[in-house]
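Subject: Structure handover

Hello,

Here is the structure I promised to pass on. My notes follow below it.

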Amino acid sequence: MNLIYDPWPWYVAGPLIAGTMFVLLYIGKQFGMSSNLRTMCSIGGAGKYSDFFKFDWKAQRWNLIVVLGAVIGGFIASEFMSNNTVEINPEVAQQLSTDYGIESAGKAYLPPELFATENLSDPFVLGVLILGGFMVGFGARYAGGCTSGHAISGLSNLQLPSLIAVIGFFIGGLVMIHLLFPLIFS
């Protein structure tokens, strides 16, 4: 069971991802998660209101199965195959504790100091979540896809826009964690 519980090394996970992408490229499919939102809106009838949602969503059913599998797999992994702890650098855990009051660093994947249900009653936290969700949705639409679509599928197709998007994702992540996160949560 340790084979399943422990993180897989890059030399196992990498070739598995590459093999999956090779098969998808061979059969003419592209992987991505945010494109499924368009498919679900089309299924729900959004094509009546916007031409963007008028397309053959049945051709994308296979990708909806991928999303369903990710949700079910994530639930199974978190509930039955995890001890709900994550190993992080002790210096980072100490910094999170002293600078941001996150005492659960290394004890939970989602620190309850930020993600507990009772925090939703705080208007500031609720505002940050709504604004963040809007920005992620807008960014995925503006970039023409999400991180998984660009970083895995787009780079596998050697697409320059995907390389630019992935570089932007990393820069955005660095700006968030080093500049914005301390301003928001200090």
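**What I found**

A143 sits in the loop that joins helix 7 and helix 8. Helices (H or I, at least four residues) and strands (E, at least two) are DSSP runs, numbered from the N terminus. A143 counts as partly exposed, at 30% relative accessibility. Here buried means under 20% relative accessible area, exposed means over 50%, and partly exposed is in between (1.4 Å probe, protein chains only). A143 and I164 are 21 residues apart in sequence; C-alpha to C-alpha, they are 9.5 Å apart in space.

**Ground rules**

This is a predicted model: local features need pLDDT of at least 70, side-chain atom pairs count only at pLDDT 80 or more, and totals for chains, interfaces and linings use all residues. Residues are numbered from 1 along each chain as its sequence is written, and side-chain values use heavy atoms, with hydrogens and water left out.

**Overall picture**

The protein chain has 9 helices and 0 strands. Along the sequence the pattern reads α-α-α-α-α-α-α-α-α. The C-alpha atoms fill a box of roughly 50 × 45 × 35 Å, taken along the principal axes. Of the 186 residues, 18% count as buried. Take the contacts (heavy atoms within 4.5 Å) between residues at least 6 apart in sequence: 48% of them join residues at least 24 apart.

**UniProt record**

The unreviewed UniProt entry lists residues 12–28, 62–81, 124–143 and 163–185 as "transmembrane region". Its positions are given in the numbering used here, feature names are shortened, and annotations may be inferred rather than shown by experiment. In the model, residues 12–28 are 88% helix and 0% strand, with the end C-alpha atoms 25 Å apart. Residues 124–143 are 95% helix and 0% strand. The end C-alpha atoms of residues 124–143 lie 28 Å apart.

**Helix 5**

N89 caps the N-terminal end of helix 5 (residues 90–100). A side-chain oxygen of N89 lies 2.7 Å from the backbone nitrogen of E91. After helix 5 comes G101, with a positive phi near 70°.

**Aromatic rings**

A pair of aromatic rings is described by the distance of the centres and the angle of the planes. Rings of Phe, Tyr and Trp (its six-membered ring) pair if their centres lie within 6.5 Å; planes under 30 degrees apart count as stacked, over 60 as edge-to-face and the rest as tilted. The whole structure holds 7 aromatic pairs.

One of them is Y100 with F181, edge-to-face, at 5.0 Å centre to centre and 80° between the planes. This pair links distant parts of the chain: Y100 is in helix 5 and F181 is in helix 9 (residues 160–185), 81 residues apart. F181 is buried, with a relative accessible area of 12%.

F134 and F138 have ring centres 6.3 Å apart and planes at 20°, so this pair is stacked. Both lie in helix 7 (residues 123–142), 4 residues apart, about one turn of the helix. Both F134 and F138 are exposed. Ring pairs join F134, F138 and Y142 into a cluster.

**A charge over two rings**

Which rings does R38 lie over? R38 is over the face of F52, 4.3 Å from the ring centre. The charged end of R38 also sits over the ring of F55, 4.1 Å from its centre. The rule: NZ of Lys or CZ of Arg within 6 Å of the ring centre and within 35 degrees of the ring normal.

In helix 8, S148, G149, H150, S153 and G154 are buried. Helix 2 (10–26) and helix 9 are among what covers them. L158 lies in the loop between helix 8 (147–156) and helix 9. Its phi is near 55°, a positive value in a residue other than glycine. L158 is exposed, with a relative accessible area of 77%.

**Cysteines**

How many disulfides are there? With a disulfide taken as a pair of cysteine sulfur atoms within 2.5 Å, the count is 0. C41 is in no disulfide, and the nearest cysteine sulfur, that of C146, is 15 Å away. C41 is partly exposed, at 35% relative accessible area, whereas C146 is buried, at 14%.

Best wishes

Definitions and conventions:
Polar contact = N/O pair within 3.5 Å; in protein donor to acceptor, adjacent residues only side chain to side chain.
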